[in-house]
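Subject: Structure for your review

Dear colleague,

Please find the structure below, together with its sequence.

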Amino acid sequence: MLRITLPLQNDVAPVPNIRRVAIIGGGFTGATIARLLALHGQYCPHEIVVFEPRAHLGGGLAYDTDDPSLRLNVAAHRMRAVPGDPQAFVRWLSRSGRLERDPGAVANGAIYARRADFAAFMAGQLQPVLDSGTVRHVRERVERICRRYGRWQIEADGGASLQADVVVIATGHPPPMPPGELVCHLRDDPRFIRDPSRPGALQAIGQDDKVFVVGAGLTALDATAALRHRRHRAAITLLSRTGHLPQPQAAGDFAPHGDFLIGVPNTALSLLKQVRFALKEVTEGGLPWQSVFEALRHQGQAIWRTLPLDEQRRVLRHLRRRFEAHRFRMSPQIAELVDSERAAGRLRTCAGRIIAVRPGPAEIVIDIAVRPRGTVERHAAQWVIVATGPGHGNVIGSQSCLAGLERLGLLAEDPRGLGIASDYDSRALARDGYPVEDLFVAGPLARGTFGELTGVPEIAAQAERIVQQILAMSFATTRTITIRSM
Ligand SMILES: Cc1cc2nc3c(=O)[nH]c(=O)nc-3n(C[C@H](O)[C@H](O)[C@H](O)COP(=O)(O)OP(=O)(O)OC[C@H]3O[C@@H](n4cnc5c(N)ncnc54)[C@H](O)[C@@H]3O)c2cc1C
């Protein structure tokens, strides 16, 4: 590999080096980058193109839904979606009249807005830059990205083909990966729902059909809420390895508790000890345990950076499940639904793993080796839903445009199995381990490097940093060319 830094001609009369930025994916991440680039950039770059098959920018998989039963998992005042204006969403909720029209939004002393409202807020944020023509929305799915004459060539499924100087990959959450046992026996069975977030995925389920859900996290609870909203009344069983459901949000407001950067934990064990100590402190002080997880969230990226790769892997292996059940909490409205459904005996959880699946004409029979003893429990249901959440282990393989970049050696899997490898400047790391100067990885796809990069506030902060880098590249007086031997 050879890196050469050359002077550019624009050091006398500055001319932007970057004419077009292409953003692949227009969910919360891609839309935020496009908007910030348009607002900060003024006359540069000349054009920002967002490829996004959905009708509106800013919603993405997480918020593009018209189901009123689906709410944000986080209180509106904690969403902090707009850098520099953390209360923009709360203000919009009351000014737009959405809050008034949603009496169920307030619970536990905070607003848990509908996800559709957050998508509408984001679409509104993008409208001015779309109207001005600074941002162009191409409603197509990108299939191929390659290099041509020093620029990027992008081709999409509807025939769009253009060149760009910088590409930002913001394709977000990959589809779930169903357990092999289910795929093997139910591959083409119409009663097997591989992705409940797809519009209309739950439509065919009858009110009295029993449902077996694989997964017991927030995606499984979304499916439960959506079914009950459609007056579904039969039994729902949620299967997971531990049988635990996500924890609830705490009532009222509270400050984050704990400083995990003092004494800098550099092993999984020392981090666990610090967390346990902080939890003991809040219990004795009468504070909610959620305050410790808020502190972990705020300091998450700095903590992750202090851990060597082996220790990061250890955290993922031993602490991830417990951490996620406490970090990704359910809204009070969902907690209330879960309580009432469990009390009525209509919602059950089951801890174990699938050992056999037999699709019959009336029902699908599933045998579970139940934890901890391994005894076999038999379940029967009319429908099986996969709600294991996004399959981050197969991000690159799930998209032809990413797989193509990997084949060219310009993209690599994150070594922790958390998405796409990037450096701390969010630049994609090529197969040779060096960053690709004009290829950025944004949003949860870059979690491996940053650790905490799933929630809206952390993504918004990363978006701001990426935009600053693109702007700096725009008026740079030198350019580094990397010659790779692939
Ligand atoms: C169900 C759910 C609920 C959540 N709730 C909250 C919450 O309440 N609070 C919070 O802080 N965080 C929440 N999150 C976290 C969420 O990860 C982030 O808030 C954020 O939405 C991630 O946005 P994204 O744009 O990176 O990904 P996504 O939302 O997945 O969007 C990616 C977009 O890229 C598009 N795309 C994919 N491939 C291509 C391609 N090849 N060409 C063109 N376009 C493509 C897709 O159509 C999609 O719209 C939630 C996440 C999920 C999944």
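Predicted model: local features only at pLDDT ≥ 70, side-chain atom pairs only at ≥ 80, totals over all residues.

Residues are numbered from 1 along each chain as its sequence is written, and side-chain values use heavy atoms, with hydrogens and water left out. Helices (H or I, at least four residues) and strands (E, at least two) are DSSP runs, numbered from the N terminus.

Helix packing

The axes of α1 and α13 (residues 456-474) come within 9 Å and cross at roughly 45°. Axes are lines fitted to C-alpha atoms, for helices over the stretch in contact, and angles run from 0 to 180 degrees between N-to-C directions. Residues of α1 in contact (heavy atoms within 4.5 Å) with α13 include F28, I33 and L37. By class, the contact of α1 with α13 has 12 nonpolar, 5 polar and 1 charged residues. Here Ala, Val, Leu, Ile, Met, Phe, Trp, Tyr, Cys and Pro count as nonpolar, Asp, Glu, Lys and Arg as charged, and the others, Gly among them, as polar.

Helix α1 (residues 28-41) also approaches α4 (residues 115-131): their axes come within 10 Å and cross at roughly 30°. That makes α1 roughly parallel to α4. The crossing of α1 and α4 is left-handed.

The sheet

An open sheet of mixed pairing is formed by 7 strands in the order β11-β17-β12-β13-β14-β15-β16. Two strands pair if DSSP finds at least two bridges between them. The edge strands, each pairing on one side only, are β11 and β16 (375-381).

Strand β17 runs parallel to β11 (residues 192-193), with 2 bridges joining them, and parallel to β12 (residues 211-214), with 4 bridges. I193 has I385 of β17 as its bridge partner, while V211 stands opposite W383. Both faces of β17 (residues 383-386) are covered: W383 and I385 on one side, and V384 and V386 on the other, are all buried (under 20% relative accessible area, with a 1.4 Å probe and protein chains only).

Yours sincerely

Definitions and conventions:
Buried < 20%, exposed > 50% of the residue type's maximum accessible area, 1.4 Å probe, protein only. Parallel < 35°, antiparallel > 145°, perpendicular 65-115°, else oblique. Left-handed = near helix turned anticlockwise from the far one by under 90°.
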